[in-house]
Amino acid sequence: MAVPEIIPIAYEPGYRTSTIGRFGGGQFLASVTYALPDGFVAGDGWEEQKRLFVVLHTFDHDGRHQESDIWCAGTWAEQMQRPHDERSVVARAEARLADALAGLADREYCDIAIQPFQLTVDGVVFGLITECHAENENKDEDTEHDWAELYPDRLGFSAPWNGEYDS
């Protein structure tokens, strides 16, 4: 089944879609997520390359991407130096996310429906990107996209397009 033009994402309190919803200006999707730069090759020093981002994407009422506020709280290496400190990378990220969400007037946590979009910040791909994950995928043929992946969170959406995700 082809990817719809507007992809539903279900709100799940306490899970990975607990910071999505609507606000006075439209819809929002927010998260705190670790990511590696696109094309990263594993090896020594990976701890400095794995960065924790605070992400706030906003969309109009029809699900069109409007803007993204993406902020790097620090690296995995920094987090391991102070894993339980109130100034840790994770603590800074959680505080920044809370501030970003507080800035959304008339915020309501609920299901959303948005169009695919993509951007790259600091070498990291962000967005809801359509892909082909068909089991019988033939690389020699032009196959239909049947999946949408939220990057860098790695949440996958597919038929029956009810907003539920695979991780």
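Modeller: What follows is a set of questions and answers on a predicted model.

Biologist: Which strand gives the most residues to the lining of the largest pocket?

Modeller: The largest pocket has a volume of about 230 Å³, and 15 residues line this pocket, those closest to its centre being Y15, R16, S31, V32 and D153. By kind, the lining divides into eight nonpolar, five polar and two charged residues. The strand that gives the most to this lining, with five residues, spans residues 26-35 and is β3.

Biologist: Which residues is L128 in contact with, leaving aside its neighbours within four places in sequence?

Modeller: L128 is one of the residues with the most contacts inside the largest nonpolar core. Leaving aside neighbours within four places in sequence, its contacts are I7, I9, I114, P116, F117, A148, E149, L150 and F157.

Biologist: Is S158 buried or exposed?

Modeller: S158 lies in strand β11, and, with residues up to four places away in sequence not counted, S158 touches D146 and W147. Its relative accessibility is 19%, and because buried means under 20%, S158 counts as buried.

Biologist: How many disulfides does the structure hold?

Modeller: In general terms, a disulfide is a covalent bond between the sulfur atoms of two cysteines. In this model C110 counts as buried at 15% relative accessibility, and C132 is buried as well, with a relative accessible area of 15%. The number of disulfides in the structure is zero.

Biologist: What is the omega of the cis peptide bond that joins A159 and P160?

Modeller: Most peptide bonds are trans. A cis peptide bond joins Y151 and P152, with omega of about 0°, and P152 is found in the loop between β10 and β11. P160, by contrast, is found in the segment after β11, and the cis bond that joins A159 and P160 has an omega of about 15°.

Biologist: Is D106 buried or exposed?

Modeller: Most residues other than glycine have a negative phi. D106, in the loop between α3 (89-102) and β6 (108-109), has a positive phi, near 55°. Its relative accessible area is 67%, and because exposed means over 50%, D106 is exposed.

Biologist: Where is D122 placed?

Modeller: D122 is a residue other than glycine with a positive phi, near 50°. With a relative accessible area of 52%, D122 is exposed. Its place is in the loop between β8 (117-121) and β9 (124-131).

Terms used:
Residues numbered from 1 in each chain as written. Predicted model: local features only at pLDDT ≥ 70, side-chain atom pairs only at ≥ 80, totals over all residues. Heavy atoms only, no water. 1 Å grid on protein atoms, 1.4 Å probe; cavity = no way out; pocket = protein on both sides within 12 Å on 5 of 7 lines; lining within 4 Å. Points joined across faces, edges and corners; volume = space filled by probe spheres on them. Helix = DSSP H or I, 4+ residues; strand = E, 2+ residues; numbered from the N terminus. Nonpolar A, V, L, I, M, F, W, Y, C, P; charged D, E, K, R; others polar. Disulfide = S-S within 2.5 Å. Buried < 20%, exposed > 50% of the residue type's maximum accessible area, 1.4 Å probe, protein only. Core = buried A, V, L, I, M, F, W, Y, C linked by side-chain atoms within 4.5 Å. Contact = heavy atoms within 4.5 Å.
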